[in-house]
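Try each task on your own before reading its solution.

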Amino acid sequence: MEQVSLLATRRKRNSVARLTKNSKIYKAIIHAIKEKKGEHIVSLDLRKIPEAVADFFIICEASSTTQVKAIADFVQEHVRATAEETPFHSEGQQTAHWILIDYVNVVVHVMQPETRKFYKLEEMWNDAEGEEY
């Protein structure tokens, strides 16, 4: 339980600076996904939603576990190289149906189509303004 509150405290402290679509990290993520042929890329702007855990969710699809892993790996590599950021947390690498990469202010979701349809993140966060790439 202590670890959870420590993570929440760290997340809150680091989320003071708000991102924009012109931020290096945001642009790097979109570029990396496109470079590895991610499909149906959507950015959800969560900045006006008080209970949101990040400023943006960036969601994309990949047709196989191999492509899900390739996109997630390249996002991390490209963001590290261009924006000098490393993820706060990531998960899902083993099954690769949905890999989540948490950069605190922006959370990347790389999903297979069936997983995306099942969890419906865009519907869950339908208060957010969405933009397709």
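**Exercise 1. Find the strand that holds His109, and decide whether His109 is buried or exposed.**

Solution. Keep in mind that this is a predicted model.
- Step 1: look up position 109; His109 lies in strand S5, which covers residues 106–111.
- Step 2: check the relative accessible area, which is 3% for His109. The cut-off for buried is under 20%, so His109 counts as buried.
- Step 3: see what surrounds the residue. Setting aside neighbours within four places in sequence, His109 touches Phe57, Ile58, Ile59, Cys60, Trp98, Ile99, Leu100 and Leu121.

**Exercise 2. Work out in which order the strands form the sheet, and which strands are at its edges.**

Solution. 
- Step 1: follow the strands across. The order is S3-S4-S5-S2-S1-S6, six strands in an open sheet with mixed pairing.
- Step 2: look for strands that pair on one side only; these edge strands are S3 and S6 (129–132).
- Step 3: note the twist, which averages 15° from one strand to the next.

**Exercise 3. For each pairing of S2, say whether the strands run parallel or antiparallel.**

Solution. 
- Step 1: take S1 (residues 39–45). S1 and S2 are antiparallel, with five bridges. Asp45 has Phe56 of S2 as its bridge partner, and Val42 is opposite Ile59.
- Step 2: take S5. S2 and S5 run parallel and are joined by six bridges; Ile58 has Val108 in S5 as its bridge partner.
- Step 3: check how covered S2 (residues 56–61) is. Six of its six residues are buried. Phe56, Ile58 and Cys60 are on one side, with Phe57, Ile59 and Glu61 on the other, so that both faces are covered.

**Exercise 4. Describe the two hairpins that involve S4, and explain why S4 is called largely enclosed.**

Solution. 
- Step 1: start with S3 (residues 89–91), which pairs with S4 in the antiparallel sense over three bridges. His89 is opposite Asp102. Six residues lie between these strands, and in this hairpin Gly92 has a positive phi near 100°.
- Step 2: go on to S4 and S5, which are antiparallel over five bridges. Here Asp102 faces Val107. This hairpin has three residues between its strands, and Val104 has a positive phi near 70°.
- Step 3: count the covered residues. Four of the five residues of S4 (residues 98–102) are buried, so the rest of the structure largely encloses this strand.

Note on methods:
Residues are numbered from 1 along each chain as its sequence is written. This is a predicted model: local features need pLDDT of at least 70, side-chain atom pairs count only at pLDDT 80 or more; totals for chains, interfaces and linings use all residues. Side-chain values use heavy atoms; hydrogens and water are left out. Buried means under 20% relative accessible area, exposed over 50%, partly exposed in between (1.4 Å probe, protein chains only). Two strands pair if DSSP finds at least two bridges between them. Contact means heavy atoms within 4.5 Å. Axes are lines fitted to C-alpha atoms, for helices over the stretch in contact, and angles run from 0 to 180 degrees between N-to-C directions.
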